[in-house]
Amino acid sequence: MFHLRKFSVKMGYAMIVHSSRISTLWLCLLLLSMPAGALAEDTLWDHSVSSEINGLTMTPDGSYILIGGERLRFLAGDGTLLWDESSAACADCSADGHTIARAKGYQIDLFSGEGTVLWQNSLQSECAALALSSDGKRLAVADGPVKVRFYDANGVLKATTDTAGDPDDEDYDPLAQIHEIAFSEKGTYAAVVSSRGLFYYTGAGRKLWAREEGGDGGTAVAVSGSGNEIAAASDAGVRLYNRTGDLLWEEKSRRPITALAISSNGSRVLAGSQDNIVACFDSKTGEALWKFTADGWIRDLAVSENGSRVLAGSMDRQAYLFDGEGNLLGTYTLDGWANHVAISADGTSGVAASPHQVVRLSLTGAATAVVPTTPASSTESHAPTTLSTPVSTTISPTLSTTPLPANMTTPTDADGGEGGGFPLLLLGLLTGAAVVGAGGFRLRGRKRLSVSETGVQNNLSEEMPADEGGQERSAPSDPWDLALDEGDLRETARILSREMTALIKKHSKIHICFTNDAVDACPAERDDLAAFFTMAGRLGYGPEVPEKNEVEALVEMYRSLAGRIESKK
């Protein structure tokens with residue numbers, strides 16, 4: 001559905017204190033010696049919004065871009081605002097940009113590409129997710145946490161399904177929550193993932209199969225163009241199914257999966273996780289082809305039609321571009337977490353979005369240097385394994401260029417034109433290192449935030465600004481403080497939910513798979529825990545943008561329940 005920062009060059013001198021005239025001269029020589037294009041911004045335009053962006057879609061040819069949030073905005077490929085409407089909790093766009101679906105509260109709207117309302121329908125509950133087929137002829141809408149409604153292009157309701165199960169069945173889950181819906185090309189098939197499992201339908205809403213094995217529900221889903229490959233993600237890892245519902249392979253993960261994508265031709269499956277890893281898998285074998293470690297959680301992934309280009313957004317404020325072999329081709333710096341990314345079908349252009357900015361990226365000239373990621377071992381077993389953190393180049397979130405290994409060379413033109421400045425660049429870097437070593441500069445140290453195992457990632461590096469008194473701010477005392485301070489209310493709610501699950505697991509000494517397991521583990525707090533997890537799910541994954549007072553109330557609920565649970569030790 002929504003698959004989107006301005007590439008801002010931040011050289012090391014932004015962190016230098018007490019610089020001298022020598023440092024100024026060195027920097028000038030360094031900049032002059034850099035290869036042509038190394039400092040050029042590979043961004044075509046940026047579009048800022050005052051309200052929070054909650055989603056992004058780009059048509060396969062890059063002609064149109066749809067932005068969701070408190071305002072629904074439809075842009076031309078050159079960044080021109082074509083029209084906007086009031087808030088969109090969920091939205092999607094057809095491949096040709098001629099049809100746009102928007103959910104707002106209890107209402108569904110279908111617009112033409114010119115912004116004209118084609119039809120409207122009412123829902124019984126607030127929309128939790130939606131998907132529009134690439135041809136614009138089918139629409140699937142999550143009406144509340146468990147029901148899915150299927151419409152045709154004229155707004156006629158074709159089917160309604162319930163993912164919670166039969167109330168008379170033992171596995172009925174009233175606390176289930178739909179997280180995502182995805183269509184195959186032209187809407188032939190539709191996949192729905194919820195906390196209860198994965199459900200597969202025809203485009204008209206006839207149920208084909210459901211899979212709930214593993215006991216870990218689901219958080220994201222992606223379907224290939226043919227509908228023959230269905231990837232589902234959860235807190236436990238990634239699974240790939242075929243069209244008949246057979247499990248083809250499974251890859252376990254130490255930390256929850258936070259982003260998922262599959263190439264349209266079905267050849268590659270991409271997964272991003274809370275341990276900062278982007279992993280690429282061969283869809284036929286499940287083999288991990290390559291992995292890359294960023295400096296923050298992976299927030300979103302997009303892949304070109306044949307898997308030859310991959311774009312990843314991270315909490316380290318970077319959008320990373322890879323080729324099909326996992327070589328890092330470029331990075332793009334945004335003004336906040338890179339929450340959303342999208343890429344054209346041919347992989348030549350893309351978009352990335354922070355909470356308040358959308359940037360159009362030119363991907364054709366990004367590869368000024370190719371930095372290889374960690375490839376999978378040739379002897380690696382194809383059996384399910386646990387994702388491990390590979391040894392790879394660490395990308396600093398404040399640098400727009402990637403350090404080169406000692407044995408790495410830069411590509412040159414056939415006539416030797418573009419790459420000729422690299423020896424001078426290397427000489428400048430060595431000279432600068434000597435100046436730094438002589439004490440000419442003093443760099444401010446960067447803080448490393450250390451939080452609990454289930455909280456915000458241990459590896460997130462962020463410079464902590466000094467307060468008015470000149471003292472550096474201390475690290476947050478609770479795992480959710482960083483997200484709350486930065487205004488990421490959804491992430492705060494998700495962290496609180498994970499912290500509560502970890503706390504219950506620690507004190508009950510039982511294995512927690514479902515939310516129901518956590519609730520059942522504390523009979524005395526059952527009702528309050530059920531209310532807590534329901535509220536956390538709504539704030540963390542629901543269609544409406546959370547209010548800060550709601551999240552603060554959830555924090556107080558957590559502290560109250562945590563105190564009661566810990567007092568029983």
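The model is predicted, so to speak of local features a pLDDT of at least 70 is needed, side-chain atom pairs count only at pLDDT 80 or more, and totals for chains, interfaces and linings use all residues. Residues are numbered from 1 along each chain as its sequence is written, and side-chain values use heavy atoms, leaving out hydrogens and water. Helices (H or I, at least four residues) and strands (E, at least two) are DSSP runs numbered from the N terminus.

**Helices α6 and α7**

- Helix α6 covers residues 526-541 and helix α7 residues 548-566; their axes come within 10 Å and cross at roughly 150 degrees.
- Axes here are lines fitted to C-alpha atoms, for helices over the stretch in contact, with angles from 0 to 180 degrees between N-to-C directions.
- The two helices are therefore roughly antiparallel to each other, a label for angles over 145 degrees.
- Residues of α6 including Leu529, Phe532 and Met535 meet residues of α7 including Val551, Leu554 and Met557, where contact means heavy atoms within 4.5 Å.
- By class, this contact of α6 with α7 has 12 nonpolar, no polar and 4 charged residues; Ala, Val, Leu, Ile, Met, Phe, Trp, Tyr, Cys and Pro count as nonpolar, Asp, Glu, Lys and Arg as charged, and the others, Gly among them, as polar.

**The sheet of 4 strands**

- An open sheet has 4 strands in the order β6-β7-β8-β9, with antiparallel pairing; two strands pair if DSSP finds at least two bridges between them.
- β6 (90-93) and β9 (117-122) stand at the edges with a single partner strand each, so one side of each has no neighbour in the sheet.
- On average, neighbouring strands of this sheet are turned by 10 degrees against each other, direction ignored.
- Strand β8 (residues 107-112) pairs with β9 over 5 bridges in the antiparallel sense, and Asp109 stands opposite Gln120 in β9.

**The sheet of 3 strands**

- Another open sheet has 3 strands in the order β3-β4-β5, again with antiparallel pairing.
- Its edges are β3 (53-58) and β5 (81-88), each with a single partner strand, so one side of each is left without a neighbour in the sheet.
- β3 and strand β4 (residues 64-76) run antiparallel and are joined by 5 bridges; Gly55 stands opposite Gly68 in β4.

**Aromatic pairs**

- The count comes to 16 aromatic pairs, taking rings of Phe, Tyr and Trp (its six-membered ring) with centres within 6.5 Å.
- Trp83 and Phe111 have ring centres 5.4 Å apart and planes at 40 degrees, so the pair is tilted; planes under 30 degrees apart count as stacked, over 60 as edge-to-face and the rest as tilted.
- Trp83 lies in strand β5 and Phe111 in strand β8, so the pair ties together parts 28 residues apart in sequence.

Terms used:
Angles under 35 degrees count as roughly parallel, over 145 as roughly antiparallel, 65 to 115 as roughly perpendicular and the rest as oblique.
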